[in-house]
Amino acid sequence: MAGMGRNLLVIVSCLVCVSAAAQQGGVSATVQSGVKTQIATHDRFDKQCRPNRVEISVIAPPANGTVSTEPKDIVVKAQNRYGDTQPSQCVGKTVAGVAIFYQSKPGFVGTDSFRYRRSNPDDANDRFNMEILYRVTVQ
């Protein structure tokens, strides 16, 4: 994992539901002011449970905070967020992934937003290639 996760060339699938609606209306999260909070995870793998390379890039940073990513091991569930059945040989296995974090500026309270792109540079037609808009409520 050291070579893959450290370069943030990661595997993709999101803990928070991000579909076509994510590209249009976005997804949301509520966080506490000044606290670094995990808001999404991504993983991507093939039918042999081998990771597929995915790039995560922030294309519109938040105005009132920061976005960061960290490698994360993720256990494959029987169904992904879209309700698709995962390969049975991968269910329960741990795959390398990435977590996305948001942290507001200290004392900021209100609404912030940012946009990032996840893409598979080896497959331009990967159905998980998309831009994701996050609206963050900071309390």
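Me: What does buried mean here, under what relative accessible area?
Reply: Buried means under 20% relative accessible area. This is a predicted model. Aspartate 126 has a relative accessible area of 6%, so aspartate 126 is buried.

Me: Which side chain meets aspartate 126 in a salt bridge?
Reply: A salt bridge needs a side-chain nitrogen of Lys or Arg within 4 Å of a carboxyl oxygen of Asp or Glu. Arginine 44 meets aspartate 126 at 3.2 Å, N to O. Arginine 44 sits in the loop between S3 and S4, and aspartate 126 in the loop between strand S7 (110–119) and strand S8 (130–138), so the pair ties together parts 82 residues apart in sequence.

Me: How many salt bridges does this rule count?
Reply: Six. One of them joins arginine 50 to aspartate 46, 3.0 Å from N to O. Aspartate 46 is buried at 19%, while arginine 50 is partly exposed at 47%.

Me: Where do glutamate 131 and arginine 117 lie?
Reply: These two form a salt bridge, with the closest N and O atoms 2.6 Å apart. Glutamate 131 is in strand S8 and arginine 117 in strand S7, 14 residues apart. Both count as partly exposed: glutamate 131 at 25%, arginine 117 at 34%. Shared partners join Arg115, Arg117 and Glu131 into one salt-bridge network.

Me: Is phenylalanine 45 buried or exposed?
Reply: Phenylalanine 45 counts as buried, because its relative accessibility is 9%. Its place is the loop between strand S3 (37–43) and strand S4 (54–60).

Notes: Residues are numbered from 1 along each chain as its sequence is written. This is a predicted model: local features need pLDDT of at least 70, side-chain atom pairs count only at pLDDT 80 or more; totals for chains, interfaces and linings use all residues. Side-chain values use heavy atoms; hydrogens and water are left out. Helices (H or I, at least four residues) and strands (E, at least two) are DSSP runs, numbered from the N terminus. Buried means under 20% relative accessible area, exposed over 50%, partly exposed in between (1.4 Å probe, protein chains only).
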